[in-house]
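Here are some friendly notes to read alongside the model. Please keep the sequence and the 3D view open as you go through the points.

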Amino acid sequence: MTLGALVVCLVVLGVAANLWMVERTRGRIEHQLAQCVQAPVGIVFGTSLWSRQGGRNPYFAARIDAAAYLMRERRVSHLLLSGDNRTRYYNEPVSMWRELRNRRVRDVDMTLDYAGFSTFDTLVRAQAVFDVERALLISQAWHLPRAMFIADASGLQVEGCAVQAESADGIWRLRAREWLARLATLGDLYLWGREAYFLGPKEPLVIAKPPRISPVAVAVSLRLQGALHEGKGSPQAPTMDGEGSLPAANSGDSAAPPVRKEASGSVSEVDKALESAYDSPSSNAQ
């Protein structure tokens, strides 16, 4: 076989592998966050916090924004943050954890996987180490077909939630790399029997109960939102009980509910009223 014929065969094989993966997973990928299916666990794939150009990585930011939204809307009950921890100066899981804490996702609702060195490792470990059976995969649309294909082969029941990101320099390189990675995945699964780099003992995820919120908080939130939409500025939260104050929080619980932040980084009056009516006070307000 000549070199030219070999190249043609590889190209045809690569195109076939890509089309197969995309078609097998297309029907299970949702591109609207609000319509992503509910699942007990959301798996967030790690990537660098910073881009090669020196700015903030838009793909990292999009995954974090989507994960925080899905937790706030209770589309998922727990987040598995899986990424590379190759050196003390590069730690994808911790970077994700910090960003999500800033978005008021409770510590108890996050598990960090420090050995998610690749998409393959993340998904194999999710099933073998963290005992995940059903999950929502949170990543970019071009990454999800390969991730879901690996998950299917690993025995995971998954759906994909495609996150939106701003256009970034070098997107063509990422897509080309993903095209080749899909082809390599077939070899990992069906030819040379790739295994996860590190497994370790089982650490089943513990899914905590969601923060409780009273009907009082809902009423306060709706009234304040209505006032803000009418252009009245930042009204004070109305009193809701006979003593002229909101119900007291339970000081014995240190977990914090996920609460929205305004663009300036300050907590809105709506969120203050909402948070004060939770049964547990906030410990992640910083």
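1. **A pair of strands to begin with.** Strands β2 and β5 pair in the parallel sense, over 4 bridges. Two strands are said to pair if DSSP finds at least two bridges between them.

2. **What you are looking at.** This is a predicted model, in which local features need pLDDT of at least 70 and side-chain atom pairs count only at pLDDT 80 or more, while totals for chains, interfaces and linings use all residues. Residues are numbered from 1 along each chain as its sequence is written, and side-chain values use heavy atoms, with hydrogens and water left out.

3. **The overall layout.** The chain has 8 helices and 6 strands. Helices (H or I, at least four residues) and strands (E, at least two) are DSSP runs, numbered from the N terminus. Starting at the N terminus, the order of elements is α-β-β-α-β-α-β-α-β-α-β-α-α-α. The chain has 286 residues, and 43% of them count as buried. Here buried means under 20% relative accessible area, exposed means over 50%, and partly exposed lies in between (1.4 Å probe, protein chains only).

4. **Strand β5 and its other partner.** How many bridges link β5 and β6? The two pair in the parallel sense over 7 bridges, and the bridge partner of Leu137 in β6 is Gly160. Between β5 and β6 the chain crosses through helix α5 (residues 144–154), and this β-α-β crossover is right-handed. That term applies if, with the strands pointing away from the viewer, the path from the first strand over the helix to the second runs clockwise. In strand β5 (residues 134–140), 6 of the 7 residues are buried, so the strand is largely enclosed by the rest of the structure.

5. **The nonpolar core.** A nonpolar core is a set of buried Ala, Val, Leu, Ile, Met, Phe, Trp, Tyr and Cys residues joined through side-chain atoms within 4.5 Å. The largest one here has 25 residues, and those with the most contacts inside it include Val44, Leu136 and Ile138. Two or more residues each come from β2, α2, β3 (76–82), α3 (92–102), β4 (110–113), β5 and β6. Which element gives the most to this core? That is α2, with 8 residues. As background, nonpolar side chains tend to be buried together in soluble globular proteins.

6. **The disulfide.** The structure holds 1 disulfide, a term used for a pair of cysteine sulfur atoms within 2.5 Å. Cys36 is joined to Cys161, with 2.1 Å from S to S. The link between Cys36 and Cys161 is right-handed, with 80° about the S-S bond. It connects distant parts of the chain, 125 residues apart: Cys36 is in the loop between β1 (29–30) and β2 (39–45), and Cys161 is in strand β6 (residues 157–163). Are these cysteines buried or exposed? Cys36 counts as buried because its relative accessibility is 0%, and Cys161 is buried with a relative accessible area of 0%. By contrast, Cys9 counts as partly exposed, at 40%.

7. **Aromatic pairs.** A search of the whole structure finds 4 aromatic pairs. Rings of Phe, Tyr and Trp (its six-membered ring) pair if their centres lie within 6.5 Å; planes under 30 degrees apart count as stacked, over 60 as edge-to-face and the rest as tilted. One of the pairs is Tyr59 with Trp142, edge-to-face at 5.9 Å centre to centre and 85° between the planes. Tyr59 lies in helix α2 (residues 58–72) and Trp142 in the loop between β5 and α5, so the pair ties together parts that are 83 residues apart in sequence. Both Tyr59 and Trp142 are buried.

8. Phe149 is buried at 2% relative accessible area, whereas Tyr190 is partly exposed at 49%. Together with Trp20, Phe149 and Tyr190 form one aromatic cluster.
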